[in-house]
Amino acid sequence: MARSLGIGFVGAGFMNRFHVQSLVGVRDCHVAGVFSPTRAHAEDLATLARDLRLGEPAVHSSIADLVADKDVDAIWVATANDVRVPVIEEIVDALNSGKGELIGLALEKPLARNVAEGKRMIELIESTPLLHSYLENQVFQPSLVRGKEIIWRRAVPLTGRPYLARAAEEHSGPHMPWFWSGERQGGGVLNDMLCHSYEAARFLLAAPGESRDAVKVESVNAQIASLKWTRPEYNEILKDMSGGRVDYARSPAEDFARAAVTMAAPSGERLMIEATTSWSFVGPALRLRAELLGPEYALQVDSLTTDLTVFLSRRVTGESGEDLVEKQNAEQGLMPVISDEPTAYGYTGENRHMVQAFLDGHMPDETWHDGLAVTEVLMACYKSAEEGKTISFPVDLTGYVPQVQQGTWKP
C-alpha cells in the first residue's frame with residue numbers, strides 16, 4: 001500500500017484548481033502529475049501545487065504518459081463533459097496495454113451528458129480492477145454532514161425519518177464558455193448544477209449507513225426556462241465573453257431549472273426532493289441552500305450566511321474579482337466572505353474521503369454508479385420538461401438525448 005497517494009490530474013481548469021487547493025487539508029497524498037491539452041494551464045496547476053507544498057508534480061504531454069508515471073497512484077479527471085468518454089477510454093487503454101498501474105479513478109460531476117454515455121463510462125471502469133469515485137463535493141459539506149448526523153441521531157429515532165429535502169444552487173453563470181454550450185456540456189444549468197442539488201438532497205434523506213439507492217425514485221416532474229441569458233443584451237455579453245462561440249439567439253440552454261422528485265423509503269414511506277438551480281441569480285455570489293424536514297425537526301443551510309462579512313464603501317474601488325467568494329457579483333457594500341471555500345463547499349472532506357478509500361483499498365461512498373443514478377434523474381427531468389408531464393420510474397432513457405444538447409430546444 002502506498003503511504004502517500006500520488007494524485008495525477010487530467011484537466012487544469014477551475015475544478016482541478018479547487019481540488020488542488022483542498023489537498024492542503026488532506027493527509028497522506030501529494031500531487032504527482034498533471035496533464036492538460038493546454039500545456040500552459042498544466043504548468044500553472046503544477047506551480048500552484050508546488051507553491052502549496054503539495055509535491056513536485058511532473059507536467060506530462062499525454063494521458064498515457066501520466067498513467068505511466070510511477071509516482072501516480074490515482075487520477076482525478078475534471079475535463080469538459082464532451083471529452084469525458086474518450087479521456088476514460090484513453091486511460092483504460094493505457095492500463096490494459098501495461099503502460100502503468102493505478103489504484104483508482106476519481107471523476108468530477110456529472111458522470112456524463114446522457115444515460116448512454118453514462119453506461120459507457122460504467123462499462124469502461126468495470127473492465128478494470130480500479131476503485132472509482134464520483135466527485136460530488138456537496139455531500140461532503142461540513143454543514144450538511146454535521147446537520148445530518150445530528151438529525152438522524154437525535155430526532156429520527158424518536159419521531160421518524162425525514163420526508164422532504166430541498167436543495168438549491170444559484171449563481172450568475174459559469175466561468176468558461178464550454179459550460180454555456182448545450183452540446184458540449186450536455187445541457188444548461190440543469191445538467192451543470194441540479195446534479196449537485198439532487199445528490200445533496202438524496203444524501204440527507206438516506207439513513208446513515210444505508211445504501212444510497214435504498215431510497216427509490218418513483219417519479220420526476222421538472223421545468224426548465226431561459227429567463228435572463230436569451231435577452232438580447234445578455235446574449236451579446238455571452239457572445240463577447242466566448243469570442244462568438246456561444247450564441248443563445250441560435251442555440252440556447254436553460255438558465256433556470258426546478259425538479260420535484262417523488263421517492264420511497266425502504267419501508268414504503270413517501271419522500272420528496274425539491275431541487276432548484278439557476279444561472280440567473282443576482283446576489284453577492286454563489287449561493288448553496290439546503291433544508292431537511294421531518295415530523296418534529298428541520299435543518300437549514302445557507303452558504304451566504306457566513307461568519308465573516310466586510311463592508312466596503314463606494315470609495316473603495318478596484319477591478320472585479322472573486323477574492324471574497326466564488327462567483328462574486330460585487331466589490332462594494334456589505335459582502336459575505338467564505339474564509340475557506342474548499343472546506344465550506346465540501347472539497348476538502350470529499351478528497352480526504354477519496355484518498356483514504358483508495359489507500360485502504362475499498363470503494364468510496366460515492367461511486368460512478370451513483371453518478372449514473374444522478375444522470376438518469378437528470379435525463380428524466382429534461383424529458384419531463386420537454387413533454388410537460390411527470391415521468392414515472394422505472395424508465396429506459398438509454399437512447400434519449402435532451403433537446404438542449406441537440407441544439408433544438410426553443411425556450
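## The pair Asp370 and Arg202

In this predicted model, Asp370 and Arg202 form a salt bridge in which the closest N and O atoms are 3.3 Å apart. The two residues belong to distant parts of the chain, with Asp370 in helix α13 (residues 368–387) and Arg202 in helix α9 (residues 189–205), so that the pair links positions 168 residues apart. Both Asp370 and Arg202 are buried.

## Other salt bridges

Side chains of opposite charge can pair when their charged atoms come close. The count for this structure comes to 23 salt bridges, and one of them brings together the side chains of Asp82 and Arg184, with 3.0 Å from N to O. Because Asp82 lies in the loop between β4 (74–77) and α4, while Arg184 lies in helix α8 (residues 182–185), this pair ties together parts that are 102 residues apart in sequence. Asp82 counts as partly exposed at 25% relative accessibility, and Arg184 is likewise partly exposed, with a relative accessible area of 34%.

A further salt bridge joins Arg120 to Glu123, whose closest N and O atoms are 2.7 Å apart. Here both residues sit in helix α5, and because they are three residues apart, about one helical turn separates them. Arg120 is partly exposed at a relative accessible area of 29%, and Glu123 also counts as partly exposed, at 47% relative accessibility.

## Packing of α4 and α5

Helix α4 (residues 84–96) and helix α5 (residues 115–125) meet at an angle of about 10°, and their axes are 10 Å apart. Because angles under 35 degrees count as roughly parallel, α4 is described as roughly parallel to α5.

On the α4 side, the contact is made by Arg84, Val85, Ile88, Glu89 and Val92, which meet Glu117, Arg120, Met121 and Leu124 on the α5 side. Sorted by class, the contact of α4 with α5 has five nonpolar and four charged residues, and no polar ones.

Lys109 is found in the loop between β5 (104–108) and α5. With a relative accessibility of 7%, Lys109 counts as buried, because that class covers values under 20%. Leaving aside residues up to four places away in sequence, Lys109 touches Arg84, Tyr134, Leu135, Glu136, Asp192, Cys195 and His196. Among these partners, Arg84 is also one of the α4 residues that meet α5.

Key:
Residues numbered from 1 in each chain as written. Predicted model: local features only at pLDDT ≥ 70, side-chain atom pairs only at ≥ 80, totals over all residues. Heavy atoms only, no water. Axes fitted to C-alpha atoms, helices over the stretch in contact; angles between N-to-C directions. Helix = DSSP H or I, 4+ residues; strand = E, 2+ residues; numbered from the N terminus. Parallel < 35°, antiparallel > 145°, perpendicular 65-115°, else oblique. Contact = heavy atoms within 4.5 Å. Nonpolar A, V, L, I, M, F, W, Y, C, P; charged D, E, K, R; others polar. Buried < 20%, exposed > 50% of the residue type's maximum accessible area, 1.4 Å probe, protein only. Salt bridge = Lys/Arg side-chain N within 4 Å of Asp/Glu carboxyl O.
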